[in-house]
Amino acid sequence: MMEFIVSALDYLLGIPFLGWGEHIGFIYKGLLMLVALLVFVAYFLLADRKIWAAVQMRRGPNVVGIFGLFQSFADLLKFVFKEPVIPASSNKFVFLLAPFVTVVLALAAWVVIPLDYGWALSNINVGILYIFAISSLGIYGIIMGGWASNSKYAFLGALRSAAQMVSYEVSIGFVIVTVLLLVGSLNLTDIVLAQAEMGLAHMLGVPWMNFLNWFWLPLFPMFIIFFISALAETNRPPFDLPEAESELVAGFMVEYGSTPYMMFMLGEYVAIVLMCALTTILFLGGWAAPLEIAPFTWIPGFIWFILKVWLVFFMFSIVKAFVPRYRYDQLMRLGWKVFLPISIFMIFVVALVLQLTGWGWHGGMA
Amino acid sequence: MSLTLFFFYLFSTILVASAFMVISSRNPVHSVLFLILTFVNAAGLFLLAGAEFLALILILVYVGAVAVLFLFVVMMLDIDFAELKKGILQYMPIGVLIGIVLFLELALVAGTWVVLPEVVAGSAMPIDDTISNTRALGQVLYTRYVYLFQGAAIILLIAMIGAIVLTLHHRKNVKRQDIADQVARDPKTAVEIVKIKSGQGLES
């Protein structure tokens, strides 16, 4: 028992007492990543509002701090200091559990994201499957919140959301399968490495033009489908039907206020940034520089990774500003009748091309 | 006690406890939520056994899809608990009897169950430690037993088509959306421009 306590202490503190050296700093690294992620999410939120405002020729938040840079932190304080109101007829435990589930699941997926070569907290063999599994669990926060609120609007929002997320997961899954066919590995680091070592630039004899190598070019239709499905999966406009305020007030979040509401919001944005990071890893070459020549290769990989995530997020928020909300049946039609057949067809095409030409990545940890 | 062993006992304890809660909790939605907890802990046990692919597929398929539909249906049911509890004493003796018989049979089977060492050693596909278990599963399913796999797939496809055919009713006289038709509309077919003379109005 004593030995176990010591090893648990090692695990928590990262101090090597008795042969638990491999866990040193795992907790520290995790905490560092968590704090960095939360700060980034605060600025992603601000950027989202600023971009939206710019499209509508408004200023957006500009009072708290210079250019409104501290707006998100002011919002955080506001939410935390408000009184949480729990509806009398709600199922209290599930009601309070739901926001936690959302946040924890959204944050848990970040464990496997490689920010640079070897910079993943946990470089597991089945990384992409892990992310896919964890993000498929994100529905539970929404369903539990909608059901426990004991309100018609919240429940309708939760049901819509469940159907929507299950539908678009299917097409995301098939998009991921096409990428995996090219790479031959479920490891996220392998997926990024494979993009640098095969592709159009190598065929054209200009291997330094790295951005032509990345999978967005050979899999362009899948890139588009993945982007749109990611919008739907994270309940972003134009697919924000679970919280369509013109029909359902605020969907599954109607009864939530103060800190629980903030946790829903936080979980949602962390999931959005996760989808941006996943797009970066699957299609935009991860941490690789776009051109393998001098000024670009001086910049460290994680900076490129963050820049690419910002680029994808910029597209996310531009879509939010430009496109009107989909009607529910249109959303379902797009998912099941358009994306699903196209992505299944593309799996056949990609597999056929790989089989006939012998193209594909033959490295990695198998 | 190593950390692995600790997690094994943690996952197993939560698994058994939540499996018990599935059948004993009063609210069916709570039952489904406990069922999900059971699945997640089973996936944790798979992970400890080194079967990471199976663990994540379990979460993906059972927790991410099947249990969502379960929860979906159960939430929409309007269950009267008083009605459900009415017959419980009446059916109790026979239920307990069946339970005891089942338990004794299981105990008999589990108590005398022995896997011969030769069976493990001479199994059709020995475990290859040099490749990841995703690839190993792929080789077993898609290469070695590909025809059986395809056969199972065809049976599933037929079942799916059967279910759709049984439930699909094409009603006539229902207005349906034709997306291609809507997209193909242009001002010529959709709008009529009429010059209205002042004081006369539009004759129709």
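I call a residue buried when its relative accessible area is under 20%, and with that cut-off in hand I began reading this predicted model.

**Entry 1: a charged cluster in chain A**

I looked up A:R236 and found a relative accessible area of 3%, so by the cut-off A:R236 counts as buried. I then asked which residue pairs with A:R236 in a salt bridge. Because A:D48 sits in helix α2 of chain A while A:R236 sits in the loop between α10 (220–233) and α11 (245–248), the pair ties together parts that are 188 residues apart in sequence. I checked A:D48 as well, and with a relative accessible area of 1% this residue is also buried.

A:D48 also forms a salt bridge with A:K320, where the closest N and O atoms are 3.3 Å apart. This pair links distant parts of the chain, since A:K320 belongs to helix α14 (residues 301–322) and A:D48 to helix α2, 272 residues apart. I noted that A:K320 is buried, as A:D48 is, and that A:D48, A:R236 and A:K320 are linked in a network of salt bridges.

**Entry 2: another salt bridge**

I counted 5 salt bridges over all chains, and I looked up one between A:D329 and A:R327, with the closest N and O atoms 2.7 Å apart. Here A:D329 is partly exposed, at a relative accessible area of 36%, and A:R327 is partly exposed too, at 42%.

**Entry 3: helix α8 of chain A**

Why is helix α8 (residues 188–197) of chain A described as largely enclosed by the rest of the structure? I found that 7 of its 10 residues are buried, which is the reason for that description. Among them are A:L188, A:I191 and A:V192, and what covers the buried residues of α8(A) includes α5, α7 (152–183) and α12 (258–283) of chain A. Just after the helix, A:G199 takes a positive phi of about 135 degrees.

**Entry 4: the second largest pocket**

I noted about 2,000 Å³ of space in the second largest pocket. Of the 50 residues that line this pocket, the closest to its centre are A:Y130, A:I134, B:F11, B:V40 and B:L47. Which helix gives the most to the lining? I found that α2(B) does, with 11 residues. By residue type, the lining divides into 41 nonpolar, 8 polar and 1 charged.

Notes: Residues numbered from 1 in each chain as written. Chains lettered and ligands numbered in written order. Predicted model: local features only at pLDDT ≥ 70, side-chain atom pairs only at ≥ 80, totals over all residues. Heavy atoms only, no water. 1 Å grid on protein atoms, 1.4 Å probe; cavity = no way out; pocket = protein on both sides within 12 Å on 5 of 7 lines; lining within 4 Å. Points joined across faces, edges and corners; volume = space filled by probe spheres on them. Helix = DSSP H or I, 4+ residues; strand = E, 2+ residues; numbered from the N terminus. Nonpolar A, V, L, I, M, F, W, Y, C, P; charged D, E, K, R; others polar. Buried < 20%, exposed > 50% of the residue type's maximum accessible area, 1.4 Å probe, protein only. Contact = heavy atoms within 4.5 Å. Salt bridge = Lys/Arg side-chain N within 4 Å of Asp/Glu carboxyl O.
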